[in-house]
Amino acid sequence: MSLRDFLERFRPTGTPGAAVTGVPPDRAAERAAELAPALARLTAVQQEAARIRAAGEEAAETIRRDAGRKAADIVAAAREQAPGVRRRAAEPVVREAVREAEAVRAAGGRAADAVRERGRAGLPSLVEDAVALALRPTAGTGAAP
């Protein structure tokens with residue numbers, strides 16, 4: 001019970017003086033009669049809002065489904081293109097590695113050529129020394145030097 005309804009009980013129902021017979025006014029019925037048309041219009045608006053909300057949810061679900069399909073298609077296309085993209089991305093690195101390998105191979109070849117040349121240059125003196133050692137008499141054979 002509201003405070004207003006409680007205080008309404010203490011208000012006189014008629015003018016002072018002679019007693020008035022009758023039924024006190026039914027405030028709840030008056031309020032219901034006054035609010036009924038507005039509430040009826042509000043009910044229609046609520047139903048329309050519910051229809052709009054349902055249509056929006058259905059549209060949102062359709063959009064989500066379509067977006068999911070599109071995302072799956074994009075992922076599939078990306079996976080399909082990934083090897084080619086990786087290959088193209090790796091080409092500059094591979095070319096640089098090949099250039100470096102060729103440079104190392106060439107430097108190794110030059111170093112090997114230099115070692116061979118030094119070996120060839122020193123070989124005659126090594127042969128002479130080896131022949132001289134081979135022809136030198138050994139100390140315990142009795143031969144005179």
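1. Helices (H or I, at least four residues) and strands (E, at least two) are DSSP runs, numbered from the N terminus. By that rule, the protein chain you're looking at has two helices and zero strands.

2. Before you go on, keep in mind that this is a predicted model: local features need pLDDT of at least 70, side-chain atom pairs count only at pLDDT 80 or more, and totals for chains, interfaces and linings use all residues. Residues are numbered from 1 along each chain as its sequence is written, and side-chain values use heavy atoms, with hydrogens and water left out.

3. How much of the chain is buried? Buried means under 20% relative accessible area, exposed means over 50%, and partly exposed is in between (1.4 Å probe, protein chains only).

4. Now for the surface total. Accessible areas come from the Shrake-Rupley method with a 1.4 Å probe, and for residues only the protein chains shown count as cover. The protein chain's accessible surface is about 12900 Å², and carbon and sulfur atoms account for 62% of that.

5. Next, the charged pairs. A salt bridge is a side-chain nitrogen of Lys or Arg within 4 Å of a carboxyl oxygen of Asp or Glu. Searching the whole structure turns up six salt bridges.

6. One of them joins Glu48 and Arg51, whose closest N and O atoms are 2.1 Å apart. Both residues sit in helix 2, three residues apart, or about one turn of the helix. Glu48 is partly exposed, because its relative accessible area is 34%.

7. Have a look at Asp66 and Arg69 too: they form a salt bridge with the closest N and O atoms 2.9 Å apart. They are three residues apart in helix 2, so about one helical turn separates them. Asp66 has a relative accessible area of 31%, so Asp66 is partly exposed; Arg69, at 48%, is partly exposed as well.

8. Glu96 and Arg99 make another salt bridge, with 3.0 Å between the closest N and O atoms. Again you'll find the two in helix 2, three residues apart, about one turn of the helix. Glu96 is partly exposed at 34% relative accessible area, and Arg99 is partly exposed at 47%.

9. Leu126 belongs to helix 2 (residues 27–135), and Leu126 counts as exposed because its relative accessibility is 54%.
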